[in-house]
Amino acid sequence: MPTHQVENQSTPLVDVNLWEHDAALQSALQALAPAQASSAHHRLNALGARCGSAQAQAWAFEANQFKPQLHTHDRFGHRLDEARFHPAYHHLMALALGEGLHAQPWAHPGPGAQVERAAAYYLFGQLENGVQCPVTMTYAVIPVMAQQPGLAPTWLPRLLARDYDPILRPVTQKTAVTMGMGMTEKQGGSDVRRNSTLATLDGQDTWGERYTVRGHKWFFSAPMCDAFLILAQTDPDSSAGLTCFFLPRILPDGQRNHLRVQRLKDKIGNLSNASSEVEFEDAYVWRVGEVGRGVPTILEMGNHTRLDCAIGSAAIQRAGLIQSLHHARARQAFGRHLAEQPLMQSVLADLCLESEASMWLALFLARTFDADADATQQALRRVLTPAAKYWICKRLPHVMAESMEVLGGNGYVEEGPFGRLFRESPLNSIWEGSGNVMCLDVLRALGRGHESAEALRALWQEARGLHPAYDAQVRATEAWLFDPARSLEEHTARAWTERIALLTQAALLWRHAPQENAALFVETRLGTDWRGTMGSHPALAAQARAIMQRAWPQA
Ligand SMILES: Cc1cc2nc3c(=O)[nH]c(=O)nc-3n(C[C@H](O)[C@H](O)[C@H](O)COP(=O)(O)OP(=O)(O)OC[C@H]3O[C@@H](n4cnc5c(N)ncnc54)[C@H](O)[C@@H]3O)c2cc1C
């Protein structure tokens, strides 16, 4: 018996092109990677359509609904230590690796290569984030693996390949491989120097100096990767310092390595990605880099994973934003569409400003990672990698909660995308260097010399006059940056990191976005009235319509 007609409900946001309707992203590619812009346009247009398709969105949903399962043994009692996935996960992996999100700038380095890859990663990040974990780890290990004369001939071509070959078998029988990273142990994650896992020299072979390793890792994501870089001590009293090692799952003789997956983490979110606890029972590993130089090696990788945390968090902000804009234009309350209600307009405009500023900061940072980055860009990379990672990730849970609220009750049900997006939202801030650790890294970068401070000053200088609040904050921050007696006290680190990130975002918007948007960003974030809550600043409403139209044009 029909009781009512369904009306005044929104529609699923599927079969939309995430690239075609993103004017800001297209401008970013043009501005930061002009040499790639026209060739990349076609590729990104196709990827944007793919990521926005109903099919891919269904994969994202299923890959998270049907979580990976751990199979420790076969039915005869032999060890397997395998995580198994829903087919949707494999489709997503094939899409990400087929796009070269793990390898493109290494396979084809050049001006803007990292920016093009970042734009593609940003589009994919609006689709699904669990598979981005192994993709990012593979991307981050490639430069390190390329420097290993024993390992590179066999492993590098397969790391650079754009295939997805998930079958566990010897590397020589594979077309492509993925890699993970294992640092965190029970007694310390941020402070990896507390690692107790011990490697003992075993011999030498074509892959290099071979060790056996005994110990554990407390967080070990994507355990179905073909190999991992891990940290271990080489002496029981840790006096040599940590060393980096290469650990394959299948040994050169075809046997399984002694990598025991104890259990999968029962995580709050990031459900499509398997994160495990593992033990090494005299597993075979090969030394990477010098003995005792493991931390610098891992830090080199960490810079790339931190870049991806920034891009990925900007992408999730965008994913939430377009859902909320789509809904607000379809749903009416109190006689008007939500998108026409003045207070809702303020909220939506604020979300748009935040999202665009995050995207610019992330892609600008990616440009500093390009192979041709000059000294100034390198200096910016040192300070902006932790600053951008901190700020974009830190803002994400707040942005996500506001985007969800735009949908009212429909935002808070599992059938929609917000459960997944919201649960994902704190993660990028936790792993790869949690918030405080990033802020302390900003202080460290500034403490090393004046290069990073000079580079920031030059970047901010161009936008002088944008807004009195901007000029005042630049003056105060520069005074601190160049004061020989400045405080690098740890308790001040968040305050300065936030200013550095906000001023950089403002300067980028001034350069690349409509001037009035840049000025409004400053007014609402650096002016005295900012309370940090979306939509609370009275200046937002006047420009809201234009800002929303730029962010996601109304069909
Ligand atoms: C889903 C998931 C997957 C993961 N996958 C992997 C993986 O594949 N490989 C891997 O190696 N690790 C992995 N990790 C671990 C992750 O990188 C660590 O959890 C993270 O680095 C923090 O380390 P910790 O958990 O030991 O926390 P701690 O180091 O104990 O830090 C706790 C808190 O203290 C703060 N803190 C630390 N030092 C200071 C200080 N000096 N001053 C002020 N505050 C400080 C931190 O910012 C943090 O907020 C994963 C984590 C998660 C949640």
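This is a predicted model: local features need pLDDT of at least 70, side-chain atom pairs count only at pLDDT 80 or more; totals for chains, interfaces and linings use all residues.

**Cavities, a pocket and the ligand**

Me: Which element gives the most to the lining of the largest cavity?
Reply: The largest cavity holds about 120 Å³ of space. Its lining has 13 residues, and nearest the centre lie Gln57, Gln126, Ala319, Ile322 and Gln323. Two elements give two or more residues to this lining: helix H9 (294-330) and helix H12 (418-424). The one that gives the most, with 3 residues, is H9.

Me: How many residues of the lining of the largest cavity are charged?
Reply: By class, the lining of the largest cavity has 8 nonpolar residues and 4 polar ones. The charged count is 1.

Me: Which elements give two or more residues to the lining of the second largest pocket?
Reply: The second largest pocket has about 560 Å³ of space. Its lining counts 21 residues, with Pro12, Gln323, Glu415, Gly416 and Pro417 nearest the centre. The elements that give two or more residues are helix H3 (54-65), H9 and H12.

Me: How many polar residues are in the lining of the second largest pocket?
Reply: This lining includes 9 nonpolar and 2 charged residues. The polar count is 10.

Me: How many residues surround the ligand?
Reply: The closest are Met183, Thr184, Gly189, Ser190 and Ser221. By class, the shell divides into 9 nonpolar, 9 polar and 2 charged residues. The number of residues around the ligand is 20.

Me: What share of the ligand's exposed area does the protein bury?
Reply: Start with the polar atoms. A ligand nitrogen lies 2.9 Å from a backbone N or O atom of Met181, and a ligand oxygen is 2.9 Å from a polar backbone atom of Gly189. For Phe219, a polar backbone atom is 3.3 Å from a ligand nitrogen. Taken alone the ligand exposes 980 Å², and the share that the protein buries is 66%.

Me: Which elements give two or more residues to the shell around the ligand?
Reply: Two are strands: S3 (179-182) and S5 (208-221). The others are helix H13 (427-430) and helix H14 (435-447).

Key: Residues are numbered from 1 along each chain as its sequence is written. Side-chain values use heavy atoms; hydrogens and water are left out. A residue is near a molecule or strand if one of its heavy atoms lies within 4 Å of it. A polar contact is a pair of N or O atoms within 3.5 Å; within protein, one must be able to donate a hydrogen and the other to accept it, and residues adjacent in sequence count only if both atoms are side-chain atoms. Accessible areas come from the Shrake-Rupley method with a 1.4 Å probe; for residues, only the protein chains shown count as cover. Helices (H or I, at least four residues) and strands (E, at least two) are DSSP runs, numbered from the N terminus. Ala, Val, Leu, Ile, Met, Phe, Trp, Tyr, Cys and Pro count as nonpolar, Asp, Glu, Lys and Arg as charged, and the others, Gly among them, as polar. On a 1 Å grid over the protein atoms alone, a cavity is a set of points where a 1.4 Å probe fits but cannot get out, and a pocket is an open set with protein on both sides within 12 Å along at least five of seven lines; lining residues have an atom within 4 Å of a point. Grid points are joined across faces, edges and corners, and a volume is the space filled by probe spheres set on the points.
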